[in-house]
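Visitor: I am new to this structure and would like to learn how to read its features. Could you take me through them one at a time?
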Amino acid sequence: MKSDFIFDLHLDLEVYFNKNLNNLLNIPSDSLLTFKKERHFDLIQAKKAKIKFIVSQIQSLKYDLKNKKLKIISNLQEFIYNYHNFINKLKIYPQFKIIKNFDNFNTLKLNQIGIFLGVEGLYFVKKLKDLEILWNLGIRVFGLTWNFKNRIAGGLDSDERLTSLGKSTLDFLVKREGIIDCAHLNYFSANEVIKLAPKNFIFSHNNLKSIFNFKQNLNQKILNRIKNKQTLIGLTLLPPALSDISKNKPTFQAWIKNYKKLIQINPKIVAIGTDYFGFNFVDSPQGAKNYLKFRKSLVKYKVKIDKIFLNTLNYFQSKIEKW
Ligand SMILES: [Zn+2]
């Protein structure tokens with residue numbers, strides 16, 4: 001199947017709908033039915049930009065308005081509350097369909113967007129039973145951490161390794177063909193995931209350190225280890241992953257540099273993970289302010305959208321068949 005659809009490995013729809021986290025975006029959480037160029041995504045943009053699949057990672061963070069600081073959600077029930085809130089918002093739109101199993105995937109209609117549920121940081125997981133609850137809720141993409149450490153692994157702002165709960169977490173997920181998202185893991189923890197779950201890990205929203213030195217971007221050592229594996233790297237529009245935003249405006253051209261480099265390394269692992277709705281709208285990259293602009297730029301720069309889509313679809317399909 002040759003098609004130029006888009007499969008986005010990281011679009012923070014949950015943040016958009018989450019009253020507390022929405023404060024960070026500078027976009028009101030209005031209906032998605034109308035077109036607004038001053039927001040990253042809506043259903044009109046989705047149709048024109050041919051977005052077919054989205055992974056939406058439900059956050060493990062809350063924003064402390066008074067102290068202007070991000071805090072972790074350490075209580076599973078609090079996370080589940082956010083989960084249900086998100087599911088209820090999605091239900092308003094028949095255009096969205098949540099994919100939890102092969103049957104959901106198989107019956108996705110032409111005019112629908114398939115949503116895979118993920119989680120960005122397991123700060124509230126204390127035992128395997130908690131993980132099982134998440135699996136039964138339909139979560140299929142598991143970011144083990146955000147930047148802080150937890151009981152499972154070490155995030156980008158820590159030096160921690162995978163813990164023994166972390167190892168049994170991987171075991172649990174690999175058995176079920178769950179997808180492990182290494183996007184926010186530090187070097188040590190990411191390496192251990194690659195070793196213990198060589199066919200079940202992805203980096204959902206990361207660029208390359210050789211293009212721009214940002215903590216979330218992948219270094220050459222990691223790239224060498226994963227370049228011939230069955231995996232995906234979702235090249236991202238996250239502004240600080242593109243440029244030093246205090247000095248230079250982030251641009252789509254910086255994204256293209258990452259793309260050109262990664263297709264030389266291995267075109268089969270190239271994917272897209274915009275991180276739209278995961279950052280303040282005013283910081284959005286030039287040439288990719290919203291999904292319509294992003295799509296236009298992809299076409300203009302002759303990005304092989306069809307190949308990227310197939311990479312991502314094939315990877316997911318190999319897992320979905322066992323869900
Ligand atoms: Zn992230």
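Visitor: How many residues of the lining of the second largest pocket are nonpolar, polar and charged?

Guide: Please keep in mind that this is a predicted model. Rolling a probe the size of a water molecule over the atoms shows where empty space is left. In the case you ask about, the lining of the second largest pocket divides into eight nonpolar, three polar and three charged residues. This second largest pocket has a volume of about 350 Å³, and of the 14 residues that line it, Lys47, Leu110, Asn111, Gln112 and Ile113 lie nearest its centre.

Visitor: Which element gives the most to the lining of the second largest pocket?

Guide: Two or more lining residues come from each of α2 (43-48) and β2 (51-59), and it is α2 that gives the most, with four residues.

Visitor: What is the volume of the largest pocket, and which residues lie nearest its centre?

Guide: The largest pocket has a volume of about 510 Å³, and its lining is made up of 26 residues, with Leu70, Trp146, Leu238, Gly278 and Phe279 lying nearest the centre. By class, this lining holds 13 nonpolar, eight polar and five charged residues.

Visitor: At what angle do the axes of helix α5 and helix α6 cross?

Guide: The axes of α5 (residues 128-136) and α6 (residues 164-175) cross at roughly 35° and come within 10 Å, in a crossing that is right-handed. On the α5 side the contact is made by Leu128, Leu131, Glu132 and Trp135, while α6 brings Leu165, Ser168, Thr169, Phe172 and Leu173. By class, the residues of this contact are six nonpolar, two polar and one charged.

Note on methods:
Residues are numbered from 1 along each chain as its sequence is written. This is a predicted model: local features need pLDDT of at least 70, side-chain atom pairs count only at pLDDT 80 or more; totals for chains, interfaces and linings use all residues. Side-chain values use heavy atoms; hydrogens and water are left out. On a 1 Å grid over the protein atoms alone, a cavity is a set of points where a 1.4 Å probe fits but cannot get out, and a pocket is an open set with protein on both sides within 12 Å along at least five of seven lines; lining residues have an atom within 4 Å of a point. Grid points are joined across faces, edges and corners, and a volume is the space filled by probe spheres set on the points. Ala, Val, Leu, Ile, Met, Phe, Trp, Tyr, Cys and Pro count as nonpolar, Asp, Glu, Lys and Arg as charged, and the others, Gly among them, as polar. Axes are lines fitted to C-alpha atoms, for helices over the stretch in contact, and angles run from 0 to 180 degrees between N-to-C directions. A crossing is left-handed if the near helix is turned anticlockwise from the far one by less than a right angle, and right-handed if clockwise. Contact means heavy atoms within 4.5 Å.
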